[in-house]
Amino acid sequence: MKKNNVIRHFMNKMPAYALSCALLLGTAACCTACGSDPGTDAGSTPGSNETADSSEDSAQQSADTAGNDNDGQIATDSPGNNSTENSESESDTSVGNDPSHITITMNEEENNKSAEDGTVYLYKSSSYPTVSIEGNEAAADKINADILSRVSSFNDNPEVEIWGKEYLDMFETDSEDFEKESITFTGYSEDLSFQTKRADSNVISFTMTYYAYTGGAHGNYDTIGINYNAKTGDLISFTDLSEDDAAFHEDTLAYNQNLAKTEYYKERMFSEDAITDGTLESVLYADDSWYLSTSGLVFMSGPYALGPFAAGIIEFIIPYRDLADMGFQNTYAYTDRFVMRLSPKETYYYDLNRDGSEDSILIYNEDAVSDDGSFQTKRHMIINDVDFAQSGDEEIQTQFAQTFTTWPETPLYLYDLVPDDNYVELMFVSGEDIDTEYVYYSYFYRYLEDGSLTYLGKTEGDAADPTIDTSVLTVSNE
């Protein structure tokens, strides 16, 4: 049964970013991204960074959703447009019913450097994809050649290796001084990692993150977006996204400027002056500072560009629904399962169980001092005035209190887990340390007609990544 959902969201949603970690040498994980044959609707699964601590509602500006819902009716109040537009769209998109024609295999490599005595002065690793497109090897070859050229440039750059060796030499020469200060030698490190953001018949996109530690309190990193035309294998430039690239730039900038005025962004940016003095535009519209995700067009600001290091990568997302009104090329349209990331402290409205009425959804953090004087963070996830993080099902309360420890960096999505049923699920993505590795899990919940919230289970990986298989979850369609 197809859905007929209405969504109305005050403010906007925020995508997420996630840094891929270096994995063990010699392993390769093969992940399949759902897709359909070229020229038909795509069939891929979906693609994260949040901060919040207050329950106060913000000014009532809005933006809405990502992707196309099956026969979805969506009402939008956009930060870039104060008018409200009701529209209906027809889609015959089928998710998971056709055999996948796009396969993405992750390759893991290590190239550490050691002194003669075995001391490692550089830990160097990379994690990069190999793309296969059934029936279109030429496009896949072009994509893979570009990816390999980036990996080769990383591997061939000796700069951090030279610094690491110089530091080891200095440490050995001045070993007594270091010992007096109780300083032990720590090798430098650098890593190159890719994360899949879209993989369908129109677009294959990744983020590529470079990380380097060369001493100090923490390492530094930067992330860029890489977008490919899935039919040709060519890189997609920003000017390709619209026939009128000047107007598209202007419209998307206005949208991003309105987002930057909302509470979520003001908390993370150095100053609102960036909106008017040209800083926001220069940062977000720099080369490779954007990518196409399953949620929309994502603009990225790296550490120290618009905000402090602690703010991480600040992402601005424009949902595909709003992009269509800005002249976004249909060539790059996303027509797969519905995915939408929810920002903290903003109230969203969506019919989660197709009972004909909108359900309100709000997540936020509340910082407080407990009776014993200790600092405490209370987490809230409220649907229709019921706080399921603080009351109701004990298992769900425990997950919010103990499992989602990185909240509010723990992102919440609306995620259409089973497109043929009447529900759109809630999905939290959270990570935990397992055997020295940081592993992400996606937790799924369903809001039922009786007003209860039920836990459906979890799957390994961030299900917003289109290569993650969620079919392992057995979910009733009733």
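**Salt bridges and a charged patch**

Me: In this predicted model, is lysine 124 buried or exposed?
Reply: The relative accessible area of lysine 124 is 4%. Since a residue under 20% counts as buried, lysine 124 is buried.

Me: Which residue forms a salt bridge with lysine 124, and where in the chain does that partner lie?
Reply: The closest N and O atoms of lysine 124 and glutamate 190 are 3.2 Å apart, and the pair forms a salt bridge. The two residues belong to distant parts of the chain, 66 residues apart, with lysine 124 in strand E7 (residues 120–133). Glutamate 190 is buried, at 4% relative accessibility. The partner is therefore glutamate 190, located in strand E8 (residues 188–199).

Me: What is the closest N and O distance between aspartate 234 and lysine 142?
Reply: Aspartate 234 forms a salt bridge with lysine 142, and the closest N and O atoms are 2.9 Å apart. The bridge joins the loop between strand E10 (220–229) and helix H4 (245–260), which holds aspartate 234, to helix H1 (residues 137–156), which holds lysine 142. Aspartate 234 is partly exposed at 35% relative accessibility, and lysine 142 is partly exposed at 41%. The distance asked for is 2.9 Å.

Me: How many residues apart in sequence are the parts tied together by arginine 446 and glutamate 425?
Reply: Arginine 446 forms a salt bridge with glutamate 425, with closest N and O atoms 2.8 Å apart. Arginine 446 lies in strand E21 (residues 437–447) and glutamate 425 in strand E20 (residues 425–434), so the pair ties together parts whose separation is 21 residues.

Me: What is the relative accessibility of glutamate 425?
Reply: Its salt-bridge partner, arginine 446, is buried with a relative accessible area of 4%. Glutamate 425 also counts as buried. The value for glutamate 425 is 0%.

Me: Which residues are linked with Arg446 in a network of salt bridges?
Reply: Arg446 pairs with Glu425 in a salt bridge. The network also takes in Asp421. The residues linked with Arg446 are Asp421 and Glu425.

Me: How many salt bridges does the count come to?
Reply: A pair is counted when a side-chain nitrogen of Lys or Arg is within 4 Å of a carboxyl oxygen of Asp or Glu. By this rule, the count is 7.

Me: Where is aspartate 174, a member of the negative surface patch, found?
Reply: The patch is formed by Asp174, Glu176, Asp177, Glu179 and Glu181. Aspartate 174 is partly exposed, with a relative accessible area of 31%. Aspartate 174 sits in the loop between helix H2 (159–173) and helix H3 (175–180).

Definitions and conventions. Residues numbered from 1 in each chain as written. Predicted model: local features only at pLDDT ≥ 70, side-chain atom pairs only at ≥ 80, totals over all residues. Heavy atoms only, no water. Helix = DSSP H or I, 4+ residues; strand = E, 2+ residues; numbered from the N terminus. Buried < 20%, exposed > 50% of the residue type's maximum accessible area, 1.4 Å probe, protein only. Patch = residues over 30% accessible without salt bridge, like charges linked within 9 Å, V, L, I, M, F, W, Y side chains within 5 Å. Areas by Shrake-Rupley, 256 points an atom, 1.4 Å probe, with all protein chains shown as cover. Lys, Arg positive; Asp, Glu negative; His and termini not counted. Charge placed at Lys NZ, Arg CZ, Asp CG, Glu CD.
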